[in-house]
Amino acid sequence: MTTTTAVDDYVEFCAFLRQVTGIDLSQYKRPQMERRLRSFYANKGMQSLTEPFDRIRNDPAHLDELLDRITINVSQLWRNPEQWDIIRKTLLPELAQSGQLRAWSAGSSYGAEAYTLATLCHIVCPTRRVTIQGTDIDKRMVARARLGLFSVEDARSAPADLLEMGFEAIDGGWRAKLELRKMTRFDVGDLLRVQPRPGSYDLILCRNTVIYFSEPIRDELHTRLASALRPGGYLVVGSTERVSQPTQLGLTTNQPFIYRKA
Ligand SMILES: C[S@@+](CC[C@H](N)C(=O)[O-])C[C@H]1O[C@@H](n2cnc3c(N)ncnc32)[C@H](O)[C@@H]1O
């Protein structure tokens, strides 16, 4: 009698990628991620996910293309404008009443979210000391975010008057003004591992980043984010996302995507 061992090439791929890049795909929702990877490689004529290992190791352009496929860096200035309206009109005036304002864009991609927030802080509380930390697992996006450069397309949802208060028009797009760049700081960081200091932020934006995480991993991250807020601080999630047990995390909510730490 012969026995066959099913080789799970997806599991092998995750272990390999973690070794090469530090990104741990085993914590993400498998069906969606596997579908993305299989179609990506099928288009290149590869049927097994172990076939591209050499290419991933030796071809930086290929690794870039793969990371674009995996990390989904889509963003834009004033993404979901209705959320920014609430942040500008309600959250920031309240948060500005106490001293320094410390914010975190968790999964900041190329910085559009952090610079949108910086513009609004510049408008709403120009005399407050504001620090906005952006972190992302993709170091290419972190390098881009530090430049503060955005295309015309990136600014498509931005209200023209507010945009001009934070950005100067340059050839082909917009550049964040110096005062915004002074408020922001971008670092590579993995949300699956980060352990922020309890009570260290007034405002955390974690939008459109956990959608591919498995539910237990997402919930565990929300627990850490809630703990990182000071009492009275806010967590803003994406407009289609939610925190599953907010009261257990000491959060209250009267808007679908905004949570306040009690
Ligand atoms: C769709 S973008 C969202 C950007 C921005 N928050 C927004 O709403 O426009 C998702 C970002 O999450 C980042 N990301 C994915 N997994 C991550 C992880 N484990 N740790 C940190 N960032 C991660 C990706 O690299 C990507 O830039």
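The model is predicted. The protein has 10 helices and 10 strands, and its domain assignment gives domain 1 (9–71) and domain 2 (81–261). The second largest pocket lies between these domains, because both of them give residues to its lining.

**Overall build**

- A compact globule of 262 residues would have a radius of gyration near 18 Å, and the protein, with 20 Å, agrees with this.
- The C-alpha trace spans about 75 × 50 × 25 Å along the principal axes of the protein.
- Of the 262 residues, 49% count as buried.
- Taking contacts between residues at least 6 apart in sequence, 74% join residues at least 24 apart.

**The two domains**

- The centres of domain 1 and domain 2, taken over C-alpha atoms, are separated by 29 Å.
- Where the domains meet, 13 residues of domain 1 are in contact with 11 residues of domain 2.

**The largest pocket**

- The space in the largest pocket is about 440 Å³.
- Its lining consists of 26 residues, and those nearest the centre are Thr71, Ile72, Asp136, Asn208 and Thr209.
- Sorted by class, the lining of the largest pocket has 11 nonpolar, 10 polar and five charged residues.
- Domain 1 and domain 2 each supply at least three residues to the lining of the largest pocket.

**The second largest pocket**

- The second largest pocket holds about 250 Å³ of space.
- It is lined by 15 residues, and Thr21, Ile23, Leu67, Ile137 and Lys139 are the closest to its centre.
- Helix H1 (9–21), H4 and helix H7 (139–147) each give at least two residues to the lining of the second largest pocket.
- H4 provides the largest share of that lining, with three residues.
- The classes in the lining of the second largest pocket are six nonpolar, three polar and six charged residues.

**Isoleucine 72**

- Isoleucine 72, one of the residues nearest the centre of the largest pocket, is found in the loop between H4 and helix H5 (81–95).
- Its relative accessibility is 22%, so isoleucine 72 counts as partly exposed; the buried class is for values under 20%.
- Leaving out residues up to four places away in sequence, isoleucine 72 touches Arg36, Leu67 and Tyr212.
- Leu67, one of these contacts, is also among the residues closest to the centre of the second largest pocket.
- Isoleucine 72 and alanine 118 are 46 residues apart along the chain, and 23 Å separate their C-alpha atoms.

**Two residues with positive phi**

- Asparagine 80 is not a glycine, yet it has a positive phi of about 55°.
- Asparagine 80 lies in the loop between H4 and H5, and isoleucine 72 is found in the loop between H4 and H5 as well.
- Serine 109 is not a glycine either, and its phi is positive at about 50°.
- The place of serine 109 is the loop between strand S1 (101–106) and helix H6 (112–124).
- Serine 109 is buried because its relative accessible area is 5%, and the cut-off for buried is under 20%.

Technical notes. Residues are numbered from 1 along each chain as its sequence is written. This is a predicted model: local features need pLDDT of at least 70, side-chain atom pairs count only at pLDDT 80 or more; totals for chains, interfaces and linings use all residues. Side-chain values use heavy atoms; hydrogens and water are left out. On a 1 Å grid over the protein atoms alone, a cavity is a set of points where a 1.4 Å probe fits but cannot get out, and a pocket is an open set with protein on both sides within 12 Å along at least five of seven lines; lining residues have an atom within 4 Å of a point. Grid points are joined across faces, edges and corners, and a volume is the space filled by probe spheres set on the points. Ala, Val, Leu, Ile, Met, Phe, Trp, Tyr, Cys and Pro count as nonpolar, Asp, Glu, Lys and Arg as charged, and the others, Gly among them, as polar. Domain bounds come from an automatic or database domain assignment. Helices (H or I, at least four residues) and strands (E, at least two) are DSSP runs, numbered from the N terminus. The radius of gyration is taken over C-alpha atoms; the globule rule is 2.2 Å times the number of residues to the power 0.38. Buried means under 20% relative accessible area, exposed over 50%, partly exposed in between (1.4 Å probe, protein chains only). Contact means heavy atoms within 4.5 Å.
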